[in-house]
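Hi,

Here is the structure I promised to pass on to you. Have a look at it first, and then read on for what turned up in it.

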Amino acid sequence: MSMPKLDQMLQAMWQDYLDLNPDARRIYKLFSAQNKNLINDHIALRTFDIPRVDIDTLAQPFLALGYVESGSYQFPIKQLVAKHYEHPDQQQPKIFISQLLVDQLPDTQQEIVHQLVSQIPDDVLQRDDFCYSGRHWPISFDSYQQLALVSEYAAWVYAMGFRPNHFTLLINALQSHSNLEQVNDFLLAQGFQLNSAGGLIKGSIDERLEQSSTLANPVDVQFSDRISSVPGCYYEFAQRYPDAKGKLFQGFVAASADKIFESTDRK
(Lines give C-alpha, C1' and ligand atoms only; values in the text may rest on other atoms or scores of the structure.)
Protein backbone atom coordinates (compact mmCIF):
# COMPACT_ATOMS: atom_id res chain seq x y z
CA MET A 1 0.00 0.00 0.00
CA SER A 2 1.57 3.26 -1.14
CA MET A 3 1.26 6.29 1.10
CA PRO A 4 2.68 9.15 -0.97
CA LYS A 5 2.13 11.89 1.63
CA LEU A 6 3.66 9.90 4.47
CA ASP A 7 6.54 8.70 2.29
CA GLN A 8 7.17 12.27 1.18
CA MET A 9 7.18 13.55 4.76
CA LEU A 10 9.51 10.81 6.04
CA GLN A 11 11.86 11.35 3.08
CA ALA A 12 12.02 15.09 3.80
CA MET A 13 12.79 14.38 7.48
CA TRP A 14 15.51 11.91 6.45
CA GLN A 15 17.09 14.47 4.12
CA ASP A 16 17.07 17.18 6.81
CA TYR A 17 18.69 14.71 9.20
CA LEU A 18 21.40 13.63 6.73
CA ASP A 19 22.31 17.26 6.03
CA LEU A 20 23.22 17.62 9.72
CA ASN A 21 24.76 14.18 10.14
CA PRO A 22 27.28 13.12 7.48
CA ASP A 23 28.20 10.09 9.62
CA ALA A 24 24.67 8.73 9.15
CA ARG A 25 25.01 8.99 5.37
CA ARG A 26 28.29 7.05 5.50
CA ILE A 27 26.87 4.40 7.85
CA TYR A 28 23.74 3.98 5.73
CA LYS A 29 25.90 3.44 2.62
CA LEU A 30 28.11 0.91 4.42
CA PHE A 31 25.10 -1.18 5.45
CA SER A 32 23.30 -0.67 2.10
CA ALA A 33 26.27 -2.22 0.33
CA GLN A 34 25.81 -5.42 2.38
CA ASN A 35 22.01 -5.61 2.75
CA LYS A 36 19.12 -5.58 0.29
CA ASN A 37 16.70 -3.73 2.54
CA LEU A 38 17.39 -1.38 5.45
CA ILE A 39 14.51 -0.70 7.84
CA ASN A 40 14.23 2.44 9.93
CA ASP A 41 12.94 1.40 13.35
CA HIS A 42 12.02 4.83 14.69
CA ILE A 43 12.54 8.57 14.37
CA ALA A 44 12.96 10.73 17.47
CA LEU A 45 11.78 14.32 17.90
CA ARG A 46 12.40 16.72 20.80
CA THR A 47 10.28 19.58 22.11
CA PHE A 48 9.01 21.42 25.21
CA ASP A 49 5.80 20.81 27.20
CA ILE A 50 4.48 24.28 26.30
CA PRO A 51 1.06 23.76 24.63
CA ARG A 52 1.98 25.56 21.37
CA VAL A 53 4.78 23.06 20.68
CA ASP A 54 4.14 20.07 22.94
CA ILE A 55 4.10 16.36 22.06
CA ASP A 56 0.45 16.48 20.98
CA THR A 57 1.18 19.37 18.60
CA LEU A 58 4.12 17.59 16.95
CA ALA A 59 2.12 14.36 16.73
CA GLN A 60 -0.81 15.87 14.79
CA PRO A 61 0.48 15.31 11.23
CA PHE A 62 1.40 11.71 12.08
CA LEU A 63 -2.00 11.01 13.63
CA ALA A 64 -3.62 12.40 10.48
CA LEU A 65 -1.60 9.87 8.45
CA GLY A 66 -2.75 6.89 10.47
CA TYR A 67 -0.34 6.73 13.41
CA VAL A 68 -1.72 5.85 16.85
CA GLU A 69 -0.34 6.61 20.30
CA SER A 70 1.20 3.36 21.58
CA GLY A 71 3.23 4.05 24.73
CA SER A 72 4.30 6.70 27.25
CA TYR A 73 7.53 7.09 29.24
CA GLN A 74 9.00 9.18 32.05
CA PHE A 75 12.58 10.35 32.60
CA PRO A 76 12.52 12.13 35.97
CA ILE A 77 16.27 12.79 36.21
CA LYS A 78 16.33 14.50 32.81
CA GLN A 79 12.96 16.20 33.46
CA LEU A 80 11.44 14.63 30.34
CA VAL A 81 8.37 12.67 29.35
CA ALA A 82 7.76 10.96 26.00
CA LYS A 83 5.23 9.09 23.87
CA HIS A 84 5.68 6.79 20.92
CA TYR A 85 3.38 6.31 17.94
CA GLU A 86 2.98 3.37 15.58
CA HIS A 87 1.54 3.04 12.09
CA PRO A 88 -0.69 0.06 11.11
CA ASP A 89 1.88 -0.66 8.38
CA GLN A 90 4.74 -2.09 10.46
CA GLN A 91 7.20 -1.21 7.69
CA GLN A 92 6.73 2.46 8.63
CA PRO A 93 9.00 3.80 11.38
CA LYS A 94 7.70 4.41 14.87
CA ILE A 95 7.72 8.07 15.94
CA PHE A 96 9.18 8.80 19.39
CA ILE A 97 8.46 12.32 20.70
CA SER A 98 9.88 13.59 23.97
CA GLN A 99 9.33 16.91 25.74
CA LEU A 100 11.11 18.83 28.47
CA LEU A 101 9.10 19.76 31.60
CA VAL A 102 9.94 23.44 31.43
CA ASP A 103 8.51 24.43 34.82
CA GLN A 104 11.11 22.17 36.47
CA LEU A 105 13.93 24.40 35.18
CA PRO A 106 15.26 27.41 37.16
CA ASP A 107 13.48 30.70 36.43
CA THR A 108 16.20 32.10 34.13
CA GLN A 109 16.14 29.05 31.88
CA GLN A 110 12.33 28.90 31.91
CA GLU A 111 12.27 32.47 30.66
CA ILE A 112 14.65 31.65 27.76
CA VAL A 113 12.47 28.73 26.65
CA HIS A 114 9.19 30.68 26.88
CA GLN A 115 10.78 33.53 24.93
CA LEU A 116 11.88 31.31 22.05
CA VAL A 117 8.53 29.50 21.83
CA SER A 118 6.67 32.83 21.77
CA GLN A 119 8.62 33.84 18.64
CA ILE A 120 7.30 30.98 16.49
CA PRO A 121 4.68 32.35 14.06
CA ASP A 122 1.19 30.82 14.43
CA ASP A 123 1.02 29.82 10.77
CA VAL A 124 4.27 27.85 11.08
CA LEU A 125 2.78 25.80 13.92
CA GLN A 126 -0.08 24.70 11.64
CA ARG A 127 2.21 23.29 8.95
CA ASP A 128 2.63 19.56 8.47
CA ASP A 129 6.38 20.08 8.22
CA PHE A 130 6.67 21.95 11.52
CA CYS A 131 8.43 19.03 13.23
CA TYR A 132 11.35 19.35 10.80
CA SER A 133 11.20 23.10 10.14
CA GLY A 134 14.30 23.98 12.17
CA ARG A 135 14.74 27.00 14.40
CA HIS A 136 12.41 30.02 14.47
CA TRP A 137 14.30 32.35 16.84
CA PRO A 138 17.65 34.15 17.04
CA ILE A 139 20.20 32.52 19.37
CA SER A 140 22.94 33.87 21.62
CA PHE A 141 25.84 31.78 22.87
CA ASP A 142 25.23 33.02 26.41
CA SER A 143 21.63 31.70 26.43
CA TYR A 144 22.82 28.41 24.94
CA GLN A 145 25.32 28.01 27.78
CA GLN A 146 22.71 29.00 30.37
CA LEU A 147 20.43 26.22 29.14
CA ALA A 148 23.25 23.68 28.88
CA LEU A 149 24.08 24.27 32.55
CA VAL A 150 20.76 22.71 33.58
CA SER A 151 19.66 20.65 30.55
CA GLU A 152 21.70 19.40 27.58
CA TYR A 153 18.34 18.58 26.00
CA ALA A 154 17.08 22.18 26.28
CA ALA A 155 20.35 23.50 24.83
CA TRP A 156 20.06 21.11 21.89
CA VAL A 157 16.51 22.24 20.98
CA TYR A 158 17.56 25.89 21.41
CA ALA A 159 20.44 25.52 18.94
CA MET A 160 18.89 23.02 16.49
CA GLY A 161 15.18 23.83 16.56
CA PHE A 162 12.56 21.32 15.48
CA ARG A 163 13.99 18.44 13.47
CA PRO A 164 14.72 14.72 13.76
CA ASN A 165 17.17 14.15 16.58
CA HIS A 166 17.99 10.65 15.34
CA PHE A 167 16.94 7.87 13.00
CA THR A 168 17.36 4.22 13.98
CA LEU A 169 18.55 1.22 12.00
CA LEU A 170 16.68 -1.99 12.83
CA ILE A 171 19.30 -4.71 13.29
CA ASN A 172 16.72 -7.53 12.94
CA ALA A 173 16.41 -6.73 9.22
CA LEU A 174 20.15 -7.05 8.46
CA GLN A 175 21.65 -10.03 6.66
CA SER A 176 25.21 -8.78 7.19
CA HIS A 177 25.23 -8.67 11.01
CA SER A 178 23.21 -10.89 13.33
CA ASN A 179 23.42 -8.90 16.56
CA LEU A 180 24.13 -5.48 18.02
CA GLU A 181 27.58 -6.45 19.28
CA GLN A 182 28.68 -7.27 15.72
CA VAL A 183 27.24 -3.96 14.50
CA ASN A 184 29.10 -2.02 17.19
CA ASP A 185 32.38 -3.82 16.43
CA PHE A 186 31.93 -3.04 12.74
CA LEU A 187 31.25 0.66 13.41
CA LEU A 188 34.18 1.00 15.81
CA ALA A 189 36.47 -0.65 13.24
CA GLN A 190 35.28 1.96 10.69
CA GLY A 191 36.32 4.74 13.09
CA PHE A 192 32.90 5.86 14.35
CA GLN A 193 32.53 7.00 17.96
CA LEU A 194 29.80 5.29 19.97
CA ASN A 195 27.89 6.44 23.04
CA SER A 196 29.31 4.51 26.01
CA ALA A 197 26.97 5.93 28.69
CA GLY A 198 25.58 2.90 30.53
CA GLY A 199 27.71 0.63 28.30
CA LEU A 200 27.88 0.42 24.51
CA ILE A 201 24.70 -1.70 24.52
CA LYS A 202 21.76 -0.36 26.51
CA GLY A 203 18.97 -2.75 27.48
CA SER A 204 18.90 -6.54 27.35
CA ILE A 205 17.26 -9.56 25.76
CA ASP A 206 15.12 -9.87 28.93
CA GLU A 207 13.79 -6.35 28.29
CA ARG A 208 13.23 -7.40 24.64
CA LEU A 209 15.18 -4.40 23.33
CA GLU A 210 18.88 -3.63 22.93
CA GLN A 211 20.09 -0.26 21.66
CA SER A 212 23.33 1.51 20.84
CA SER A 213 24.17 4.77 19.07
CA THR A 214 26.91 6.93 17.63
CA LEU A 215 27.84 10.18 19.34
CA ALA A 216 26.30 13.26 17.73
CA ASN A 217 28.31 14.90 14.95
CA PRO A 218 29.53 18.38 15.91
CA VAL A 219 27.82 21.09 13.84
CA ASP A 220 28.94 24.70 13.40
CA VAL A 221 26.08 26.97 14.50
CA GLN A 222 25.86 30.72 13.88
CA PHE A 223 25.06 32.43 17.18
CA SER A 224 24.44 36.18 17.38
CA ASP A 225 28.02 36.86 18.47
CA ARG A 226 30.05 33.90 17.18
CA ILE A 227 30.10 30.61 15.32
CA SER A 228 30.45 27.69 17.71
CA SER A 229 30.46 23.93 17.30
CA VAL A 230 27.64 22.10 19.13
CA PRO A 231 26.37 18.49 19.06
CA GLY A 232 24.04 17.81 16.14
CA CYS A 233 22.35 14.47 15.38
CA TYR A 234 23.28 10.83 15.91
CA TYR A 235 22.40 7.41 14.49
CA GLU A 236 20.85 4.73 16.66
CA PHE A 237 20.78 0.94 16.22
CA ALA A 238 18.06 -1.26 17.74
CA GLN A 239 17.61 -5.00 18.06
CA ARG A 240 14.15 -6.17 19.10
CA TYR A 241 13.24 -9.52 20.64
CA PRO A 242 9.95 -11.46 20.70
CA ASP A 243 7.61 -11.65 23.69
CA ALA A 244 6.12 -14.90 25.06
CA LYS A 245 3.68 -15.00 22.13
CA GLY A 246 6.47 -14.66 19.59
CA LYS A 247 5.60 -11.07 18.63
CA LEU A 248 8.47 -8.60 18.38
CA PHE A 249 8.41 -6.02 21.17
CA GLN A 250 7.59 -2.60 19.64
CA GLY A 251 7.90 -0.32 22.66
CA PHE A 252 10.82 1.38 24.40
CA VAL A 253 12.68 0.92 27.69
CA ALA A 254 12.92 4.18 29.65
CA ALA A 255 16.20 3.30 31.42
CA SER A 256 17.88 2.61 28.07
CA ALA A 257 16.42 5.65 26.30
CA ASP A 258 17.65 7.77 29.21
CA LYS A 259 21.25 6.88 28.27
CA ILE A 260 20.60 7.20 24.53
CA PHE A 261 19.59 10.85 25.13
CA GLU A 262 23.20 11.46 26.20
CA SER A 263 24.39 10.96 22.61
CA THR A 264 23.95 14.73 22.17
CA ASP A 265 25.67 15.75 25.41
CA ARG A 266 28.69 18.03 25.02
CA LYS A 267 31.73 15.93 25.86
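**Cavities, pockets and helix pairs**

The second largest cavity has a volume of about 30 Å³. Before going further, please keep in mind that this is a predicted model. Which residues line that second largest cavity? They are Glu86, His87, Asp89, Gln90, Gln92, Lys94 and Gln250. Sorted by class, this lining has four polar and three charged residues, and no nonpolar ones.

How many cavities of 30 Å³ or more does the structure hold? There are two. The largest cavity comes to about 100 Å³. Its lining is made of 14 residues, and those nearest the centre are Phe96, His166, Glu236, Ala257 and Ile260. Strands E1 (40-48), E4 (94-100) and E10 (234-240), together with helix H9 (254-260), each give two or more residues to the lining of the largest cavity. E1 has the largest share, with three residues. In this lining, seven residues are nonpolar, five are polar and two are charged.

The largest pocket has a volume of about 410 Å³. It is lined by 15 residues, and Gln11, Tyr28, Leu38, Asn40 and Pro93 are the closest to its centre. H1 provides the largest share, namely four residues. Nine of the residues in the lining of the largest pocket are nonpolar, five are polar and one is charged.

The second largest pocket has a volume of about 240 Å³. It is also lined by 15 residues, with Gln193, Leu215, Ala216, Asn217 and Pro218 the closest to the centre. Here the largest share of the lining, three residues, comes from strand E9 (residues 227-231). The lining of the second largest pocket has six nonpolar, five polar and four charged residues.

Finally, there are two helix pairs to look at. Two packed helices are described by the angle between their axes and the distance between the axes.

Take helix H2 (residues 22-32) and helix H8 (residues 180-189) to begin with. Their axes are 12 Å apart, and the helices pack at an angle of about 120 degrees. Angles from 65 to 115 degrees count as roughly perpendicular and those over 145 as roughly antiparallel, so H2 and H8 are oblique to each other. Is their crossing left-handed or right-handed? The crossing of H2 and H8 is right-handed. On the H2 side, Ile27, Leu30 and Phe31 take part in the contact, and they meet Val183, Phe186 and Leu187 of H8. The contact of H2 with H8 has six nonpolar residues, with no polar and no charged ones.

The other pair is helix H4 (residues 107-118) and helix H6 (residues 141-150). Their axes come within 10 Å and cross at roughly 125 degrees. H4 and H6 are therefore oblique to each other as well. H4 passes H6 in a left-handed crossing. From H4, the contact involves Thr108, Gln109, Ile112 and Val113, while H6 brings in Ser143, Gln146, Leu147 and Val150. By class, the contact of H4 with H6 has four nonpolar and four polar residues, and no charged ones.

Best wishes

Definitions and conventions
Residues numbered from 1 in each chain as written. Predicted model: local features only at pLDDT ≥ 70, side-chain atom pairs only at ≥ 80, totals over all residues. Heavy atoms only, no water. Axes fitted to C-alpha atoms, helices over the stretch in contact; angles between N-to-C directions. Parallel < 35°, antiparallel > 145°, perpendicular 65-115°, else oblique. Left-handed = near helix turned anticlockwise from the far one by under 90°. Contact = heavy atoms within 4.5 Å. Nonpolar A, V, L, I, M, F, W, Y, C, P; charged D, E, K, R; others polar. 1 Å grid on protein atoms, 1.4 Å probe; cavity = no way out; pocket = protein on both sides within 12 Å on 5 of 7 lines; lining within 4 Å. Points joined across faces, edges and corners; volume = space filled by probe spheres on them.
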